[in-house]
Amino acid sequence: MKAFVAAGDDIDGLLRRRATLLATGENAAASGPLRGAAVGLLGRFRKALRDEIQEEGSKLPADHEARLFTYVDKLNSDRERVGRGRAAPEQAPPTPPSPPTVPEGPAAPAPPRSPPTNSRARAARSQMC
């Protein structure tokens, strides 16, 4: 069993090394025009699909474009976010509640609390600026 798992790890390492070599250097430069051509084709297809949906008597549902291009839009937004130097927002693990404390003197008024923030709210605010 250990030999089988070790062989799988070796294959994984070889495939990762191959992918790294193919993604860098001359191959990366050659893939730029291919990506541009593919994005152009998708854009033309999307426009033609919108025209088809808007035609009178079309049997396609109104949300057909959104259903077809949801994943493509997600990939594009992920690529743009990485291109701007921001990684995808990660959810921080919840912090455990602190143990209750017993006040030693008269109760003082609590300081005003600021609104809660999370990584998504910060990202949204940074995009507005």
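View A. K47 has a relative accessible area of 52% and is exposed, where exposed means over 50% relative accessible area, buried under 20%, and partly exposed in between (1.4 Å probe, protein chains only). The model shown is predicted: local features require pLDDT of at least 70, side-chain atom pairs count only at pLDDT 80 or more, and totals for chains, interfaces and linings use all residues. Residues are numbered from 1 along each chain as its sequence is written, and side-chain values use heavy atoms, with hydrogens and water left out. The partner of K47 in this salt bridge is D51, and the closest N and O atoms of the pair are 3.8 Å apart; a salt bridge here is a side-chain nitrogen of Lys or Arg within 4 Å of a carboxyl oxygen of Asp or Glu. About one helical turn separates K47 from D51, which are four residues apart in helix α2. D51, at 39% relative accessibility, is partly exposed.

**View B. The salt-bridge network of R46, R50, E65 and D73.** Salt bridges with shared partners connect R46, R50, E65 and D73 into one network. Within it, E65 pairs with R46, and their closest N and O atoms are 2.6 Å apart. The pair ties together parts 19 residues apart in sequence, since E65 lies in helix α3 and R46 in helix α2. Both partners fall in the buried class: E65 has 15% relative accessibility, and R46 has 18%. R50 is also placed in helix α2, where its relative accessibility of 39% makes R50 partly exposed. Side chains of opposite charge can pair when their charged atoms come close.

**View C. The salt bridge between D12 and R16 in helix α1.** The closest N and O atoms of D12 and R16 are 3.0 Å apart. Both residues belong to helix α1 (residues 2–23), at a spacing of four residues, about one turn of the helix. D12 is partly exposed at a relative accessible area of 35%, whereas R16 is exposed at 57%. By the rule applied here, the count comes to eight salt bridges.

**View D. The largest pocket and its lining.** This pocket has a volume of about 290 Å³. Elements that give two or more residues to the lining are α2 (26–54) and α3 (64–83). Lining residues include R35, R46, F69, D73 and R79. By class, the lining consists of six nonpolar, two polar and four charged residues. Ala, Val, Leu, Ile, Met, Phe, Trp, Tyr, Cys and Pro count as nonpolar, Asp, Glu, Lys and Arg as charged, and the others, Gly among them, as polar. On a 1 Å grid over the protein atoms alone, a pocket is an open set of points where a 1.4 Å probe fits, with protein on both sides within 12 Å along at least five of seven lines; lining residues have an atom within 4 Å of a point. Points are joined across faces, edges and corners, and the volume is the space filled by probe spheres set on them.

**View E. The helical chain and its surface.** The chain has four helices and zero strands, and reads α-α-α-α along the sequence; helices (H or I, at least four residues) and strands (E, at least two) are DSSP runs, numbered from the N terminus. Of the 129 residues, 5% are buried. The chain exposes about 11,800 Å², of which carbon and sulfur atoms supply 62%, by the Shrake-Rupley method with a 1.4 Å probe. Of the contacts (heavy atoms within 4.5 Å) between residues at least 6 apart in sequence, 34% join residues at least 24 apart.
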